[in-house]
Amino acid sequence: MPNASPPSRPPQTRAYRFVAFCVRHLGFSLWKYDWRGQENFPKKGGFIAAANHVTEIDPLPLAHFVYDSGYEPRILAKRALFDSPVGFALKWTNMIPVDRGTKASAQSLADAGKLLGDGAAVVILPEGTLTRDPDLWPMVAKTGMARMALASRLPVVPIAQWGAHRTLPRYGRVPSPFPRKKVVISVGEPVDLSDLYDKPLDSAVLAEATERVMDAITGQLAEIRGEEPPKHRFDLRKHPEYNAKRTDYPPVERP
């Protein structure tokens, strides 16, 4: 359930409040929530919320969770979604378009960094796409989140979410809204990256920061699932055959 005394949100437009109203009512109609660890959100100032990504709809319960916790979520989303039927909602709520695989993606991160200074919660899915791990554990992530975190020196809060995939499977097309599914979202303590702040932002430092955040997310998810995560994160670069958008994948041999 939401914090008893949530922080004040930045001013919102009528359009934003309308979209938030719709998302909240849709969320409560689709899912039975179990929200944990909201005391780990920073009480003031901007921060980065980094979460795992299982299904195409899990940004909805994630945004609902952050909003009802008292923050204005700004989610980085691929630009193609802004031209889709739901694009108007993304624009009205000031979500941040990302041009994947292009130099313009750096500008997306810069825009997100400016929002952090305004006290918004910038929500990032560090994997950059749906996990391809056969058992839906977080896979090896991209380093954009780490670059923004180290440049801004603002807190990174790990969030694990689990359950929305039962409503819509990974890359599924037909949702199963009834009966309502349980969705658990858990926030961990901010990840300590302070020892990396004064180091050059080279590939090794970015990889280290990324791994720390993904370890924290995976640890939160392991608690939710009550299972032991794999010792090695799934690396899509080593399994390009998993790039296909499908609802299930064959088993993969773990190292």
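# Loops, helices and spaces

Leu136 lies in the loop between strand β5 (121-124) and helix α5 (144-152); helices (H or I, at least four residues) and strands (E, at least two) are DSSP runs, numbered from the N terminus. This is a predicted model, in which local features need pLDDT of at least 70 and side-chain atom pairs count only at pLDDT 80 or more, while totals for chains, interfaces and linings use all residues. Residues are numbered from 1 along each chain as its sequence is written, and side-chain values use heavy atoms, with hydrogens and water left out.

**Backbone in the loops**

The phi of Leu136 is near 70°, which is a positive value in a residue other than glycine. With a relative accessible area of 15%, Leu136 is buried (buried means under 20% relative accessible area, exposed over 50%, partly exposed in between, with a 1.4 Å probe and protein chains only). Arg153 also has a positive phi, near 60°, and is not a glycine. Arg153 sits in the loop between α5 and β6 and, at 42% relative accessibility, counts as partly exposed.

Another loop, between β6 (156-162) and β7, holds Pro179. The peptide bond that leads from Phe178 to Pro179 is cis, with omega near -5°.

**Two helices**

Helix α1 covers residues 14-30, and helix α6 covers residues 203-225. The table gives their lengths; the expected span is 1.5 Å times one less than the number of residues.

| Helix | Residues in helix | First to last C-alpha | Expected span |
|---|---|---|---|
| α1 | 17 residues | 24 Å | 24 Å |
| α6 | 23 residues | 32 Å | 33 Å |

Which residues of α1 are buried? They are Tyr16, Val19, Ala20, Gly27 and Leu30. Seen down the helix axis, the buried residues of α1 fall within an arc of 105°, so they line one face of the helix (the arc is that of the directions from the axis to the C-beta atoms). These buried residues pack against the strands β1 (31-36), β3 (73-78) and β7 (181-187), and also against the helices α2 (59-68) and α3 (87-92), where contact means heavy atoms within 4.5 Å.

Glu211 is part of α6 and is partly exposed, at 32% relative accessible area. Between Glu211 and Lys43 there are 168 residues of separation in sequence and 25 Å in space, C-alpha to C-alpha. After α6 comes Gly226, with a positive phi near 65°.

**Empty spaces**

Rolling a probe the size of a water molecule over the atoms shows where empty space is left. On a 1 Å grid over the protein atoms alone, a cavity is a set of points where a 1.4 Å probe fits but cannot get out; a pocket is an open set with protein on both sides within 12 Å along at least five of seven lines, and lining residues have an atom within 4 Å of a point. Grid points are joined across faces, edges and corners, and a volume is the space filled by probe spheres set on the points.

The second largest pocket holds about 230 Å³. Its lining has 11 residues, and Glu127, Val140, Lys142, Leu236 and Arg237 lie nearest the centre. The lining consists of four nonpolar, two polar and five charged residues (Ala, Val, Leu, Ile, Met, Phe, Trp, Tyr, Cys and Pro count as nonpolar, Asp, Glu, Lys and Arg as charged, and the others, Gly among them, as polar).

There is one cavity of 30 Å³ or more. The largest cavity has a volume of about 30 Å³. Residues that line the largest cavity include Val54, Asp58, Trp162 and His165. Three residues of this lining are nonpolar, four are polar and one is charged.
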